[in-house]
Structure formats: C-alpha cells, structure tokens
Amino acid sequence: MESGKRAEAGPSAGVSEDKQQREEREMSEKPLADEVRDDHEDDDDDDDDDKEDGAGALAGFVPGPLLSLKEQIEKDKDDDSLRRWKEKLLGCVEEDLNGQMEPEVKFHSIGIISNDLEEVSYPLPLDLNREGLVLFTLKEGSRYQLKLTFSVLHNIVSGLTYSNTVWKAGLKVDQNKGMLGTFAPQREPYVHVLDEETTPSGVLARGIYSANLKFEDDDRRCHMELKYAFEIKKSS
C-alpha cells in the first residue's frame, strides 16, 4: 500500500513540477512584453504629472505689474549707487520721468542701403505729397537693406518686431519678419538696419511694387505702419 501510494504520488508530483516549470517559464517570458508596456504606462503617468505640474505652474503664474520708469527708479531711491545704475541702464531723460506707463516708439526716418545706389533717407512721417509715388528704384538682383532711426519714450519697449509685406499687381509676393529687440529710453536715437534682401530678376520681376512695413511690441501694440512703393528695373 505504501509503495502504491508512493506510485500514485509520483505522477502528481511530476505534474506539479511540470506546472511549476511552465509557470516559471511563462513568468520569465511574460515581462518581455509586459515590462515594456508597464514602462510606457509609467512614462505616460510621468508625462501626465509633468503636464499637470506645467499646467499648474502656468495657471499660477502672475506677471508683475507694469511700472513707469519713475516708479522703477524711485523704488530704490535711498540707495544712490543702485539708483544711478538704474538711470544708466534705463537711459533715463528728464521728460521720461512723467509716470506714463505705456512705452512709445517714435520713428524719425527710413533709408535704403544698396550695392547699386547711394544711401537714401526720408524723414518720417512721409510727405503726403509723395504718397503713391515710388520711394526708391533698384535694379533686378540687387541686394538692399532698410535703415531706420527711432526713439523710445516713457518706458522700456519689449520684443519690438517688424513685418514687411510686398505686393505686385494686387498679389502678395513676399513677406519678411524679424526681431529688433528690447529698447530703453535714451537721449540719442537708435539706428537699426533690417536684414538684407535681394530683388528678384527676370522680365516678370520688373515693375512697381507696393509694401507695408509694420512694427509691433510683444504686447501687440503697433508703433508704426508705413505704406510705401518701390520699383525694380532691368539691370544694365
């Protein structure tokens, strides 16, 4: 009987061992797929946490109040060295210390620098009698740059950008955008030369073009919008 029980117990023990080996083999194979999936799930959870943290950070962000130059300087009026440093950094002038909050950009002139004609400059605003007339004439394939002089009044202007859109026969043919930067009031006007451009070449490129030059800051305040015209002629 004991040998019979041992005989009966033998197969069940073998089955148990086979089952255990099979489970161990399945456990060793399963993580190859499951671990990758689990890692992606963990990454997704981390991404969600980051998004939530980012959203929370953005939602909780409160920009500082806009201060006039006078307020910015008087904030540390008891510290002479710091006050003088601020005046030098901000480029303050007497008329800017009036408490006005909004910055103002005043454009004085627009000029053209080219490799095939002398530098030409026009005072701004343009003479109304010249409206609709050609501001400058260039040869096809010419390289040129627009040059501007301007002053900043009352406060710091941040993120001043420009866009220059060109049309011919009512169709938009070109548009350039660029960043000028951040400027503080100062006694002397700023002089800024825009990125170099090249006029097109060919029979179809010749003729008169109309253009619109616009300047905005990072608060989307438009400081100047200038409409002008220019002509492209055949290269000799």
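His223 is placed in strand β10, strands being DSSP runs of E of at least two residues and helices runs of H or I of at least four residues, both numbered from the N terminus. The structure is a predicted model, in which local features need pLDDT of at least 70 and side-chain atom pairs count only at pLDDT 80 or more, whereas totals for chains, interfaces and linings use all residues. Residues are numbered from 1 along each chain as its sequence is written, and side-chain values use heavy atoms, with hydrogens and water left out.

With a relative accessible area of 16%, His223 is buried, a term that denotes under 20% relative accessible area, with exposed denoting over 50% and partly exposed the range in between (1.4 Å probe, protein chains only). When residues up to four places away in sequence are not counted, His223 touches Pro103, Glu104, Val105, Phe107, Val157, Leu160, Phe215 and Asp217, a contact being defined by heavy atoms within 4.5 Å. Leu160 is 63 residues from His223 along the chain, and the C-alpha atoms of the two are separated by 9.1 Å.

Strand β10 belongs to an open sheet of five strands with mixed pairing, arranged in the order β3-β10-β9-β5-β6, where two strands are taken to pair if DSSP finds at least two bridges between them. From one strand to the next the twist averages 25°, axes being lines fitted to C-alpha atoms and angles running from 0 to 180 degrees between N-to-C directions. β3 runs parallel to β10 (residues 222-233), the two being joined by four bridges, and Phe136 stands opposite Phe230 in β10.

In strand β5 (residues 157-168), nine of the 12 residues are buried, so this strand is largely enclosed by the rest of the structure. Seven bridges link β5 to the antiparallel strand β9 (residues 207-216), in which Ala211 is the bridge partner of Val166. Pairing between β5 and β6 is likewise antiparallel, over 10 bridges, and Thr165 stands opposite Gln175 in β6. The hairpin formed by β5 and β6 has two residues between the strands, and Ala169 in the turn has a positive phi of about 55°.

The mean pLDDT (the predictor's confidence in each residue, from 0 to 100) is 74 for the protein, and 57% of its residues reach 70 or more.
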